[in-house]
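Biologist: Before we start, I would like to learn how to read the features of a model like this one, term by term.
Modeller: Then let us look at it together, and please ask as we go.

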Amino acid sequence: MSTETSVISVKETLQKVEASVLPAIKEHVESTGFSKKDGLDFLDVKNGLMISYLIDLVAYIRDVGSGKSESKSLERLNEMKVVLDKMRGMDKKLRYQIDKLLAANTTASEYATGNDEYASEDP
């Protein structure tokens, strides 16, 4: 596979991703349930940073594939990697609480839909 074919393939993939992801992000941000009045929450920041990292990674690959030697994407990738590494410690500390909330949510939704395995037992 030649470099030109790789660049064309990356551009096509980028267009597909933009066409599917950007409308979903816009719809989520514009929805009435989306409110930032209480501030940004850790998972929102982490997910936004991960999305930015992936976008800059694709831009860097595109620049390298097209032969550009200088790329600002690499500098941003390094900065985001440092931030993500520093967030890893906080993520480990919050892991138990997140798992507990997810388990409680799953249990509540199973009970509400009648799929709770204990709901069918007679007391």
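Biologist: Which side chain meets that of lysine 46 in a salt bridge?
Modeller: This is a predicted model, in which local features need pLDDT of at least 70, side-chain atom pairs count only at pLDDT 80 or more, and totals for chains, interfaces and linings use all residues. Residues are numbered from 1 along each chain as its sequence is written, and side-chain values use heavy atoms, with hydrogens and water left out. A salt bridge is a side-chain nitrogen of Lys or Arg within 4 Å of a carboxyl oxygen of Asp or Glu, and here the partner of lysine 46 is aspartate 91, at 2.9 Å from N to O. The pair links distant parts of the chain, with lysine 46 in helix H2 and aspartate 91 in helix H3, 45 residues apart; helices (H or I, at least four residues) are DSSP runs, numbered from the N terminus. Lys46 and Asp91 also belong to a network of salt bridges with Arg95.

Biologist: Does aspartate 91 count as buried or exposed?
Modeller: Buried means under 20% relative accessible area, exposed over 50%, and partly exposed in between (1.4 Å probe, protein chains only). Aspartate 91 counts as buried because its relative accessibility is 12%, whereas lysine 46, at 22%, counts as partly exposed.

Biologist: How many salt bridges does a search of the whole structure find?
Modeller: The search finds six, including one between aspartate 63 and arginine 62, whose closest N and O atoms are 3.6 Å apart. Aspartate 63 lies in helix H2 and is buried, with a relative accessible area of 8%, while arginine 62 is partly exposed at 32% relative accessibility. Another joins aspartate 85 to arginine 88, with the closest N and O atoms 3.1 Å apart; both residues lie in helix H3, three residues apart, about one turn of the helix.

Biologist: Which residues make up the largest nonpolar core?
Modeller: A nonpolar core is a set of buried Ala, Val, Leu, Ile, Met, Phe, Trp, Tyr and Cys residues joined through side-chain atoms within 4.5 Å. The largest one has five residues, namely Phe42, Leu49, Met80, Leu84 and Met87. H2 and helix H3 (72-113) each supply at least two residues of this core, and H3 gives the most, with three. Leaving aside neighbours within four places in sequence, phenylalanine 42 is in contact (heavy atoms within 4.5 Å) with Met87, Met90, Asp91 and Leu94.
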